[in-house]
Amino acid sequence: MPHEVRGVIARSKGAPVSVENIQIPDPGPGEVVVDVQACGVCHTDLHYREGAINDDFPFLLGHEAAGTVSQVGSGVSNLEQGDFVVLNWRAVCGECRSCLRGRPQYCFATHNAQQKMTVDGVELTPALGIGAFAEKTLVAAGQATKVNAAAEPEVAGLIGCGVMAGLGAAMNTGGVTRGDSVAVWGCGGVGDAAIEGSRLAGAHTIIAIDLDDQKLQWAKDFGATHTINTTDMDKDQVVEAVQALTGGNGVDVAIEAVGLPATYEQAFFARDLAGTVVLVGVPTPDMRIDLPMIEVFGRGGALKSSWYGDCLPSRDFPMLIDLYLQGRLQLDRFVSEKIGIEEVEDAFHKMEQGEVLRSVVMI
Ligand SMILES: [Zn+2]
Ligand SMILES: [Zn+2]
């Protein structure tokens, strides 16, 4: 029997979100219904509301979530009712050219639930194919990753998006390892997760770079060994400051978590020879970078982009939750506040002001 539950809807471009009754169908083949327990507020939710991603209103927002499986559709063999899961937006297909080459973390044909959730008979577009600011949501079974139920839902859910993007930018894409030096541009949720991932991976020097002293303090709390406030600094001064902290050489891994040409350029020049630049900040279509090609060649190394931290949820989520439960990964530090389902709009404002790392809706 379909369920009627409350969910956070964006009806039209720029309009404040509203909590409305939505309809969740019973799971079809390969689908599950999840009772959502907690869901973090991410910039991507705000981008949907602003019409910056597409025009497929109405949206059901929310996608950084944990909860328990309440119904399982036919043909689902990896989940049972009652399983504690973190939702992901990389349910791999197993059949695309990347999966077939043994690289499912880049799957080019990820899937979502086939059936639609609705509001007043109108099909909803779930954010990132999830839609978890709701008491229940319908997802493809591959979008729900079982993890140790001892983790608190408000902590576990954060692995599902921004925190994974940052951890993975360091650990997967950047390949940070013991003894590396790392610099991270932008110390919000994603950047701080990159710092945390670098610390966990054994980086020796971790330099946090931002314009905001509050954010730099958060970065230190996560394990940054040095901070640089770049207010009033030009590109060369930033590069020199990074070099001064690394024996004059620059960093092994430069992680750009802002998504701006100016900070990307700083990252490019502040890495050591044969170093790696990782772009995890998301640029807009109008942005351009202009780099001397001789430097691209002459410095060697790699310029990489990190999509969702190059994560493979089935591999990474249970492992990261276990590391959290062992006290080796500071996931709880990302939870700035716990809020109710009515408070998403307020949380957007706090996020825009840079007042919080993550507001988490408890459902
Ligand atoms: Zn695939
Ligand atoms: Zn997100």
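## Contact between H5 and H6

In this predicted model, helix H5 meets helix H6 through Asp 192, Ile 195, Glu 196 and Arg 199 on the H5 side. Their partners in H6 are Trp 218, Ala 219 and Phe 222. Sorted by class, the residues of this contact comprise 4 nonpolar and 3 charged ones, with no polar residue.

## Geometry of the helix pair

H5 covers residues 189-201 and H6 covers residues 213-222. Their axes come within 9 Å and cross at roughly 25 degrees. Angles under 35 degrees count as roughly parallel, so H5 is classed as roughly parallel to H6. The crossing of H5 past H6 is right-handed.

## Strand E19 and its partners

Strand E19, residues 359-362, pairs with strand E3, residues 31-40. This pairing is antiparallel and runs over 3 bridges. Within it, Met 362 of E19 has Ala 38 opposite.

E19 also pairs with strand E18, residues 337-339, here in the parallel sense and over 3 bridges. Val 361 of E19 stands opposite Ile 339.

Which helix does the chain pass through on its way from E18 to E19? The path leads through H11, residues 344-352.

Conventions: Residues are numbered from 1 along each chain as its sequence is written. Chains are lettered from A and ligands numbered from 1 in the order in which they are written. This is a predicted model: local features need pLDDT of at least 70, side-chain atom pairs count only at pLDDT 80 or more; totals for chains, interfaces and linings use all residues. Two strands pair if DSSP finds at least two bridges between them. Helices (H or I, at least four residues) and strands (E, at least two) are DSSP runs, numbered from the N terminus. A crossover is right-handed if, with the strands pointing away from the viewer, the path from the first strand over the helix to the second runs clockwise. Axes are lines fitted to C-alpha atoms, for helices over the stretch in contact, and angles run from 0 to 180 degrees between N-to-C directions. Angles under 35 degrees count as roughly parallel, over 145 as roughly antiparallel, 65 to 115 as roughly perpendicular and the rest as oblique. A crossing is left-handed if the near helix is turned anticlockwise from the far one by less than a right angle, and right-handed if clockwise. Two residues are in contact if their C-beta atoms, placed from the backbone, lie within 7 Å. Ala, Val, Leu, Ile, Met, Phe, Trp, Tyr, Cys and Pro count as nonpolar, Asp, Glu, Lys and Arg as charged, and the others, Gly among them, as polar.
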